[in-house]
Structures are given as C-alpha cells and as structure tokens.
Amino acid sequence: MSMPNLRRHTWLHVGVAIVLALAAMLLIRLHYANGATPAADSVQAGRKLAEAWCSQCHAIDASGARSQTATAPDFVAVANMPSTTELALKVFLQSSHPTMPNVILTAEQRGDLVNYILSLKRS
C-alpha cells in the first residue's frame, strides 16, 4: 500500500471511530432524556428489590415501617453505620448469614440494592 493510500485508510478508520462514538453518545443521551440517570435507575431498582425481598424483616426506608416480628436492623441505620461502604455491603450480600434467608442476587441486583441502601445515608 502506498503512503497516500495508507494515510487515507488511517483517516477513514479515525472517521468511522468518531462517527460511532458520537452515535453512542447520542443514544445514551436519548435513553436518559427523561432526566433519569443510571444511578437513579439503580437506586429505584434497589428499592423495588428491597420491597420484594427485605421488607418482611427490615424497615427499608426512613418511615421505619416493617413487619411486627422483625428484629433486623433498618436500612437507614445500616446506611449510617461508620463501617458501611459499597464494598462492605456487596461482600455482606454475597455471603450467607444464619439469621437471613439465603437470597441469591446477581451482581447487578447486589449493586442496585447497595446503591439503594447507600442512598439512605444522612449527610
């Protein structure tokens, strides 16, 4: 391949890469045009998981509402413990505990639940 053809070929690849990157950015922008962010979507998904799987034993929000027989800590208290970090919650949710049902979560579900719990942290 001659030098002019090589340069043209290289610029063609650069141009295609730029067009693909711009198209991806446009699609992402259109996807979140309603004002939601990936983090907000994750927090909302985590709340739904908490309502479905955790609310029988834990108070899952600031209202403190939970089952009458519950002795599990509420999520606001968990979120505000000094030791609570994203990593600590993910490890906890990945481990089995004798006082909790053995709920198996996907990595995405764990992340959503962790994001929800951390969203309850008071400043």
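**Figure 1. Salt bridges across the model.** A search of the whole structure turns up 3 salt bridges, a salt bridge being a side-chain nitrogen of Lys or Arg within 4 Å of a carboxyl oxygen of Asp or Glu. Side chains of opposite charge can pair when their charged atoms come close. Please keep in mind that this is a predicted model, in which local features need pLDDT of at least 70 and side-chain atom pairs count only at pLDDT 80 or more, while totals for chains, interfaces and linings use all residues. Residues are numbered from 1 along each chain as its sequence is written, and side-chain values use heavy atoms, with hydrogens and water left out.

**Figure 2. Arg47 and its two partners, Glu51 and Asp61.** Glu51 and Arg47 form a salt bridge whose closest N and O atoms are 3.2 Å apart. They are separated by about one helical turn because they sit 4 residues apart in helix α2 (residues 38–54); helices (H or I, at least four residues) are DSSP runs, numbered from the N terminus. Glu51 has a relative accessible area of 39% and is partly exposed, and Arg47 is partly exposed as well, at 24%. Here buried means under 20% relative accessible area, exposed over 50%, and partly exposed in between (1.4 Å probe, protein chains only). Arg47 also meets the side chain of Asp61 in a salt bridge of 3.0 Å, N to O. Because Arg47 lies in helix α2 and Asp61 in the loop between α2 and α3 (75–79), this pair ties together parts that are 14 residues apart in sequence. Asp61 counts as buried, at 18% relative accessibility.

**Figure 3. The Lys90 and Glu86 pair in helix α4.** The closest N and O atoms of this salt bridge are 3.0 Å apart. Both residues belong to helix α4 (residues 86–94), where they are 4 residues apart, about one turn of the helix. An α-helix has 3.6 residues a turn, so residues three or four places apart point the same way. Lys90 is partly exposed at 28% relative accessibility, and Glu86 is partly exposed at 41%. Back in the view of Arg47, salt bridges that share partners join Arg47, Glu51 and Asp61 into one network.

**Figure 4. A nonpolar patch on the surface.** Trp11, Val14, Ile18, Leu22 and Met25 make up this patch, with about 550 Å² of accessible area together. Patches are made of residues with over 30% relative accessible area and no salt bridge; like charges are joined within 9 Å and nonpolar side chains (Val, Leu, Ile, Met, Phe, Trp, Tyr) within 5 Å. The areas come from the Shrake-Rupley method with a 1.4 Å probe, and for residues only the protein chains shown count as cover. Trp11 is placed in helix α1 (residues 3–31) and counts as exposed, at 62% relative accessibility.

**Figure 5. Helix α5 (residues 107–119).** This helix has 13 residues and reaches 18 Å from its first C-alpha to its last, close to the 18 Å expected at 1.5 Å a residue; the expected span is 1.5 Å times one less than the number of residues. Its buried residues include Arg110, Asp112 and Tyr116.

**Figure 6. Ala40 and Asn115, apart in sequence.** Ala40 lies in helix α2 and is partly exposed, at 38% relative accessibility. Ala40 and Asn115 are 75 residues apart in sequence and 8.8 Å apart in space, C-alpha to C-alpha.

Definitions and conventions. Helices (H or I, at least four residues) and strands (E, at least two) are DSSP runs, numbered from the N terminus.
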